[in-house]
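Have the sequence and the 3D view ready, and try each task before you read its solution.

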Amino acid sequence: GTPQKYDPTFKGPIYDRGCTDIICCVLLVIAIVGYVVVGIVAWTHGDPRKVIYPTDSRGQFCGQQGTPNEYVRPAARARLGCHSGKGFTPPCVASSVSSPPIQICVSKCPDRYLTYLSAHSSRTPAELEYYRQFCVPEFKNLQKPPIEVLKDKECPAMIMPSTPLARRCFPAIQAKKGVIMVGNETTYDDGHGHRRNVTELLEGAKKANVVLETRQLAMKIFEDYTVSWYWIIIGLVIAMLASLIFIILLRFLAGIMVWVMIVMVILVLGYGIFHCYMEYAKLKGEAGSDVSLTDLGFQTDLRVYLHLRQTWLAFMIILCIVEVVIILLLVFLRKRILIAIALIKEASRAIGHIMSSLLFPLCTFFLLCLCIAYWASTAVFLSTSNEAVYKVFNETACQFSGQTCKPETFNTSNVTKLCPDAQCLFAFYGGETAYHKYLIAFQFFNIFMFFWLANFVIALGQVTLAGAFASYYWAFKKPDDMPAFPLFSAFGRALRYHTGSLAFGSLILAIVQVIRVTLEYLDHRLKAAENRFAKFLLGCLKCCFWCLEKFIKFLNRNAYIMIAIYGTNFCASARNAFFLLMRNIIRVAVLDKVTDFLFFLGKLLIVGSVGILAFFFFTHRIKLVQDTAPSLNYYWVPILTVIVGSYLIAHGFFSVYGMCVDTLFLCFCEDLERNDGSPERPYYMSPELSEILLKGNLEPSK
């Protein structure tokens, strides 16, 4: 590319600019209107109750207003049954092992072992009356022979103790001291006078057992959140205050804070290594501590892993590797860090004059939340837009088997005459209208629009911050020559003139991201396939598009900075930014990437410090507040939540600094090309910045 030439009229971000990439702006508006239409259509046809509430074999909701089962009290779903909670909304019970099982709405899950044969032959009418609640609603003749009842599939052959989960009943399987039990029983009566072991039921209930274990884990995690949520919020507030204090101190003590940050990161990692070694040494000789991770397998209670020496050894090795890598990088980059500190100082001064920039990420976060909420709700309504489809099921050969049918007219149709044992049962949710045929296309459009709008919101935030910080850099007398409200001025320019350019850049990125999602879906579908070439090709494509996405994000970020400064269209801005960076590739490696590394250390310091504090608090190791800390099932639940939340908070604050440094860096490169530091063509960079940068051999070639 051609270097920029001296222009005495150039004074920073150009105010006399025109609209760019108008076609993309129009396309975005049309796409948003179409997105709204899709959302309205989805909300009209969709019914989220299909996700939450079970149905009987006729596709009718259990215990919901406006349905025939409205007044059925708590319910369940079955072959094994189902249940709800207070305000009980019925779920269902299956009366046949055929597919699909007959499902009915019941008042509660079965609480005992019982076969229909034994209930019918019982001398106490209460047994049969109890059993009847798990039969189809039409079953009234209690004197009907059991063989006829079971043949007509009016009642299940057997019921067993079940546990309610998500308004559905699953076998109450549990293991006590290695003994498998169902409903506190190890055997059951098969209805023929024989006792059988409950392990015979396990094969048919393996998936249900996994669901129950997952449910127990989820309930314990939920309990931990209910007793620790306010402490989690306090931890996140501490992280926010620490990030804010760190940013403020950077404003006045950038050089000192960077070196303090580096030393603190090394010390925090060093303490982590020491703590892991002490735990590793303490477990020496303890029973069961030498079990390997592979032998133990996956455990829902993660505390089990902390009693293994191998766990702490793995933690110690990982921390040692991170420590050594950071120290080596610091040794090799020690001279470049001084130059990066100068750029961070300049960024601190810029943010100090535009303090509102620290709060601007909240606006971006709010808009992203709106995008996520609209996408999620539209996806749910689209996925529940199908209608109930009924098909003919029968035991004997029948020409109508598998065909669609209507329950209202089925009993009077020719099907029952030609196939007496045929039934019209609910099969699945689907549809044959034009709307239902294009549901997949609507879902694809929903995902695509989510990526496009989310990237647009992020781009809007980047170009706004870039415009504000560019106004600072190109002010010859700082801050006197800066506009009154640089952040709001940049935001207004971005929306008024460059919506199309932002839409263009975010569209390219959205297309790549949708392709990556498609590749991930194909990879998931082909996991069971034996075609190694297909797997290899998919792996290569996934890697290539991952790299492409990273490159486009980098290019877009710098293109938005050029848009904010010059007001050019996206393609011209991307080209100019790319060539400018290529002409200064050494400076990119020296300044830009070193500052990114320092900001990463800052985030690591805040996350590590808050994480260690949370670990000591929730494990009752701080004597002053030992009695205050809540008792938890899994103390890693609030600790991980605090760590992840702290990282997001720190990233939000440091992202402003990152954008400021990137903007100042591009402006610095432009300044070196346009000016030479003479009285006729003075640099716009501050004297402090020019002094250390030019001493660091980063002056332009003469």
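**Exercise 1.** Is Cys276 buried or exposed?

Solution. Start with the cut-offs: buried means under 20% relative accessible area, exposed over 50%, and partly exposed in between (1.4 Å probe, protein chains only). Cys276 has 5% relative accessibility, so Cys276 counts as buried.

Before going on, please note that this is a predicted model, where local features need pLDDT of at least 70, side-chain atom pairs count only at pLDDT 80 or more, and totals for chains, interfaces and linings use all residues. Residues are numbered from 1 along each chain as its sequence is written, and side-chain values use heavy atoms, with hydrogens and water left out.

**Exercise 2.** Which residues does a disulfide join, and where are they in the chain?

Solution. Searching the whole structure gives 1 disulfide. It joins Cys135 to Cys155, with an S to S distance of 1.9 Å. This pair links distant parts of the chain, 20 residues apart: Cys135 sits in the loop between helix H4 (125-132) and helix H5 (146-151), and Cys155 in the loop between H5 and strand E4 (158-159). Here helices (H or I, at least four residues) and strands (E, at least two) are DSSP runs, numbered from the N terminus. Finally, the torsion about the S-S bond of Cys135 and Cys155 is about 110°, so the disulfide is right-handed.

Notes
Disulfide = S-S within 2.5 Å.
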